[in-house]
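Subject: Structure handover

Dear colleague,

I am passing the structure on to you. Please find it below, with my notes after it.

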Amino acid sequence: MNSKSLVICDRDRDYCAALAEYIRLSDCGYEVMTYTDPSVFSTALSGKEISLLLIQEDFYADAFERGAPGYAAIAERQFILSENREVTDPGYIYKYQSAACIVNALGEDIRAAHRIVKDIERNTGMRLIGVYSPLSHTLKTTFSLTLGQILGEYGPVLYINLEGYNGLTQLFDLRSEYSLADLVYEYSLHPGELPSILSRFTAKINELNILLPARSPFEIQETEPSMWLSLIGTLAETGRFGTVILDISDAVRGAFDILNVCTDIYMPVRKDAVAMAKLKDFDHVLSRYPDAENIRSRLKKLRFPYFEDMGANIGGLKNSMLGRYVRQEIISANASDGMEKEELIRENGYGEYQICR
């Protein structure tokens with residue numbers, strides 16, 4: 001048996017099959033098996049070790065309490081699938097909630113076990129930049145687009161917006177019958193065909209390729225973290241883009257999982273009292289994530305000054321004051337000898353700014 005085995009036991013054959021198929025498609029890293037008969041379960045797994053067992057209440061009674069013959073398997077972790085919606089015992093899971101909620105209830109060990117390329121830079125040379133902030137009004141999207149336009153001068157760049165309300169359709173007059181949800185759906189059906197279908201879901205604004213955005217926050221919220229991770233991994237394997245910029249918000253599920261595979265993370269921040277309090281909340285939540293230190297090691301906080309020309313042409317942000325800032329303090333800094341800068345403050349004719357790690 002696979003060293004990581006997940007066994008589902010339920011007399012409802014259709015339920016058992018549907019849950020198993022969902023878990024398999026999520027690429028969780030477990031070998032998934034199903035049983036609908038307690039006696040067959042007990043006989044087949046006699047003497048075997050089970051990593052994770054999901055078992056219906058009545059099934060459990062027949063297999064354990066009533067002593068189905070031959071059972072001697074040991075489950076490292078076990079959850080009872082209950083029909084009681086109000087169940088609160090940590091060893092029980094309400095069986096009729098969504099499959100996504102069931103997987104989430106199983107814990108970080110399954111959510112973080114997706115078989116994707118963890119080190120994109122090592123495998124493909126693609127730079128995956130995550131731009132995220134727990135704060136609002138930080139120029140996060142404006143910065144992301146500016147960075148993308150400038151990096152587009154050096155090679156193919158793809159910008160992906162993962163916000164509930166992104167405004168890109170209006171800003172760039174993106175007229176298309178497709179949206180991000182359509183791409184996710186087609187990819188889920190034919191993941192191997194991503195290179196050929198990508199062109200239908202991409203608009204090019206000068207040097208920057210923009211993935212057609214979501215039309216509503218529900219398109220973002222309903223997509224599983226495993227799907228985003230799989231899509232990102234497949235994008236890297238295509239070798240089509242040297243850089244992918246992810247404009248991430250809290251509307252996306254699994255934001256930390258996505259940040260965890262980024263090669264660079266930028267976090268625009270503010271320094272007022274409310275913002276600082278929210279940043280402390282963010283740090284507390286991040287500290288509970290298993291790979292928190294990996295995210296912290298790649299995270300650079302950016303504190304911008306006031307830029308007077310932010311109302312300029314959105315397609316020409318690379319020539320704005322923010323564009324000058326990006327060229328001088330991010331592009332040039334990354335191309336330098338890699339000197340670590342704990343704090344940098346300069347005056348370059350367009351106001352004081354600070355980068356803080």
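Over the ring of which residue does the charged end of lysine 95 sit? The ring is that of tyrosine 15, and the charged end lies 4.6 Å from its centre. A charge counts as sitting over a ring if NZ of Lys or CZ of Arg is within 6 Å of the ring centre and within 35 degrees of the ring normal.

Some notes on the basis of the values. This is a predicted model, in which local features need pLDDT of at least 70 and side-chain atom pairs count only at pLDDT 80 or more, while totals for chains, interfaces and linings use all residues. Residues are numbered from 1 along each chain as its sequence is written, and side-chain values use heavy atoms, with hydrogens and water left out.

Aromatic pairs

There are 13 aromatic pairs in the structure; rings of Phe, Tyr and Trp (its six-membered ring) pair if their centres lie within 6.5 Å, and planes under 30 degrees apart count as stacked, over 60 as edge-to-face and the rest as tilted. One of them joins phenylalanine 143 and tyrosine 266, with ring centres 5.6 Å apart and planes at 75 degrees, so this pair is edge-to-face. The two residues are 123 apart in the chain, phenylalanine 143 in helix H7 (residues 140-151) and tyrosine 266 in strand S11 (residues 264-269). Helices (H or I, at least four residues) and strands (E, at least two) are DSSP runs, numbered from the N terminus.

Phenylalanine 143 has a relative accessible area of 0% and is buried, as is tyrosine 266 at 2%. Buried means under 20% relative accessible area, exposed over 50%, and partly exposed in between (1.4 Å probe, protein chains only). Ring pairs also link Phe143 and Tyr266 with Phe304, Phe307 and Tyr325 in a cluster.

In a second pair, tyrosine 178 and phenylalanine 201 have ring centres 5.0 Å apart and planes at 55 degrees, so the pair is tilted. Tyrosine 178 is partly exposed, at 25% relative accessible area, whereas phenylalanine 201 is buried at 1%. Arginine 200 lies over the face of tyrosine 178, 5.5 Å from the ring centre.

Helix H12

H12 (residues 225-238) has 14 residues and spans 20 Å from its first C-alpha to its last, close to the expected 20 Å, which is 1.5 Å times one less than the number of residues. Ten of the 14 residues are buried, so H12 is largely enclosed by the rest of the structure. Among them are Trp228, Leu229, Leu231 and Ile232. Glycine 239 follows H12, with a positive phi near 70 degrees.

Regards
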